[in-house]
Amino acid sequence: MDASRDSLHDRRHDPGPTPMEHPPPPLPTGRLIADYDGVLIDAYGVLVDRHRALPGAVELLELLDRHGHPWLVVTNSASRLPESLAGELSALGVPVPADRILTSGDLLGPHLAGAGLAGSRGLLLGPPESWDYLDRAGLDRVAPATDADADVVVITDQKGVRFPDDLDHCLSLMIRRLEADEPLALVLCNPDLLYPVADGQYGLTAGALAALMEAVLRERWPERGLGFVRLGKPNAPIYAEACRRLGASRPLMIGDQLGTDILGAVRYGIDSLLIDSGLAPGGPAASWPVRPTWYLPSLAGLK
């Protein structure tokens, strides 16, 4: 690890964000290019919503490419592989190659290998394509069912989950194993609680499903501190992998969520730009619980 990375590691131990008295300044385009050696960009709410490319998204990527500036789309979405996500973004008008996308699902394999869980039985809550993440992680597939048993429960996405049947099967498995004092690992790829569908429309995500089941487990066993390991933003693993892929020691995180994109950047010790789209907070900046380095109403402000 070089000196710049040592310094970055040291900043990760900062006690955390504090409310701000004054709003963050707008980011000049020249500073974007001059001050940072890589750019991490959230997908939904920054580049696109469910129906269209958002203003300034294509122009931002063209600007970065013109200057030879490395960038990576960093998304908590784990409903499909980067190859499929690249196709969806392109269909919405934002062409992004698959190798420029890092999803929270990409972290599943390294996490399970580090925990010695490769080769275990894995029950999935998520859409069919998410099974590919479990296959790549070396887990044996277990589908939600009345008598299902598994060593690992993985939540990738809310899509494809039959409510409440799949959650009932999953909770029953978890309670059976915990009552029998059998080992059980809980992994949540996407910690988001909600996502922007369109203007004024929102949907629940995988993090909300995990929070529901955690509430049940903590009510039953309050002393055990049971909960899912979270891989996506605002947690460190996805920032570490993004910086490794870009070879960046001074990256900028661009996002629309204070509680994931911006909080994670602050905790990891890197600068951030809050875009006022998607799930950006309402109200005066003084009420925000975490301070981004920069602020813009839209990516169209970068010219």
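Start by selecting R121, D149, D151, R177 and E182: these residues are linked in a network of salt bridges. A salt bridge here is a side-chain nitrogen of Lys or Arg within 4 Å of a carboxyl oxygen of Asp or Glu. You're looking at a predicted model, where local features need pLDDT of at least 70 and side-chain atom pairs count only at pLDDT 80 or more, while totals for chains, interfaces and linings use all residues. Residues are numbered from 1 along each chain as its sequence is written, and side-chain values use heavy atoms, with hydrogens and water left out.

Now zoom in on D149 and R121, whose side chains form a salt bridge at 3.4 Å, N to O. D149 sits in the loop between strand 5 (140-142) and strand 6 (152-155), and R121 in strand 4 (residues 121-125), so this pair links distant parts of the chain, 28 residues apart. (Strands are DSSP runs of E, at least two residues; helices are runs of H or I, at least four; both are numbered from the N terminus.)

Next, pick E182 and R177, which meet in a salt bridge at 3.5 Å, N to O. Which of the two is buried and which is partly exposed? R177 counts as buried because its relative accessibility is 4%, and E182 counts as partly exposed at 36%. (Buried means under 20% relative accessible area, exposed over 50%, partly exposed in between, with a 1.4 Å probe and protein chains only.)

Hop over to helix 9 (residues 236-246) and select E241 and R245; being 4 residues apart there, they are separated by about one helical turn. Their side chains meet in a salt bridge at 2.9 Å, N to O.

Select Y44, S77, N190, D192 and Y195, the closest to the centre of the largest cavity among its 23 lining residues. This cavity holds about 260 Å³ of space. Strand 8 (194-198) and helix 10 (258-268) each supply at least two lining residues, and strand 8 gives the most, with 3.

Last stop: the largest pocket, about 150 Å³ in volume. Its lining includes P191, D192, L193, L194, R230 and R267.

What do cavity and pocket mean here? On a 1 Å grid over the protein atoms alone, a cavity is a set of points where a 1.4 Å probe fits but cannot get out; a pocket is an open set with protein on both sides within 12 Å along at least five of seven lines; lining residues have an atom within 4 Å of a point. Points are joined across faces, edges and corners, and a volume is the space filled by probe spheres set on them.
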